[in-house]
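Have a look at the model first.

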Amino acid sequence: AGRGLAPFGQSLLPILCLAGAAISAWRRRTRSALVDTATRSEAPGVLDGVSWREFEMLVGESFRLQGYAVEENHTSGPDGGVDLVLRKSGEHYLVQCKQWRALKVGVPVVRELYGAMAATGAVGGFVVTSGQFTSEAQEFSNGRNLRLIDGAKLHQLLNQAKAAKAGKTAESARQPKPDRSAERAPGSDTGSANDAAPSCPRCARVMVRRTAKKGANTGQQFWGCSDYPRCRGTA
């Protein structure tokens with residue numbers, strides 16, 4: 001029976017991998033669409049129309065755009081304690097999301113997250129709401145590594161993070177392409193074959209002639225592996 005199930009398992013694994021990749025791509029598109037919708041308008045209640053689940057995804061994406069790795073804490077309802085776990089530079093942070101339109105987030109919610117931080121060794125925490133916080137909640141967070149983010153601040157963070165990401169993408173597109181001309185094999189400009197090129201002593205690939213651009217041998221030619229930078233063999 002076990003041998004009979006083996007081919008089925010081998011065929012099922014690629015299907016599961018493809019399904020996982022498709023779900024991941026769908027979630028990325030959904031998060032990106034939520035950010036675009038939230039930042040398209042400057043209206044104060046722009047976040048009121050999203051569901052609690054969409055709100056959590058939106059908050060998670062705002063932290064991703066700031067460079068955090070985000071783990072979503074899937075629960076059976078909108079109030080499940082810690083909603084997101086953030087990781088950055090080897091440390092973790094906890095996030096509680098409150099998509100409350102009418103009520104202000106009070107100090108019990110903030111205390112709850114602070115207790116979870118102490119229990120898990122988190123170095124910091126965030127309580128994020130689409131609305132506002134009570135003065136008691138704000139007072140409790142003072143002096144603690146606990147940040148309260150209301151709807152207006154979240155909207156601002158989303159705009160800043162989106163603009164920063166767009167700036168990095170544009171800067172990357174403007175970077176000049178590296179000059180590979182020095183990596184051509186001898187005689188490549190005239191169409192001759194590279195028969196005289198030696199094999200790399202490290203990986204046995206064909207080597208190409210290069211010119212040293214720095215160091216004591218600046219201006220001198222040498223043989224370098226054609227698989228550079230993965231292989232740094234020289235001759």
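**Around the sheet**

Val70 stands opposite Leu86 in S2. This is a predicted model, where local features need pLDDT of at least 70, side-chain atom pairs count only at pLDDT 80 or more, and totals for chains, interfaces and linings use all residues. Numbering starts from 1 along each chain as its sequence is written, and side-chain values use heavy atoms, leaving out hydrogens and water.

**The sheet**
- S1 and strand S2 (residues 84-88) run antiparallel, joined by 4 bridges (strands pair if DSSP finds at least two bridges between them).
- The open sheet has 5 strands in the order S1-S2-S3-S4-S5, with mixed pairing.
- From one strand to the next, the twist averages 20 degrees (axes are lines fitted to C-alpha atoms, for helices over the stretch in contact, with angles from 0 to 180 degrees between N-to-C directions).

- H3 lies across S3, strand S4 (124-129) and S5, and runs at about 160 degrees to S3.
- Arg101 sits in the loop between strand S3 (91-98) and helix H3 (107-120).
- Arg101 counts as exposed because its relative accessibility is 53% (exposed is over 50%, buried under 20%, partly exposed in between, with a 1.4 Å probe and protein chains only).

**Whole chain**
- The protein chain has 5 helices and 7 strands (DSSP runs, numbered from the N terminus: H or I of at least four residues, E of at least two).
- Of its 235 residues, 34% count as buried.

Technical notes: Contact means heavy atoms within 4.5 Å.
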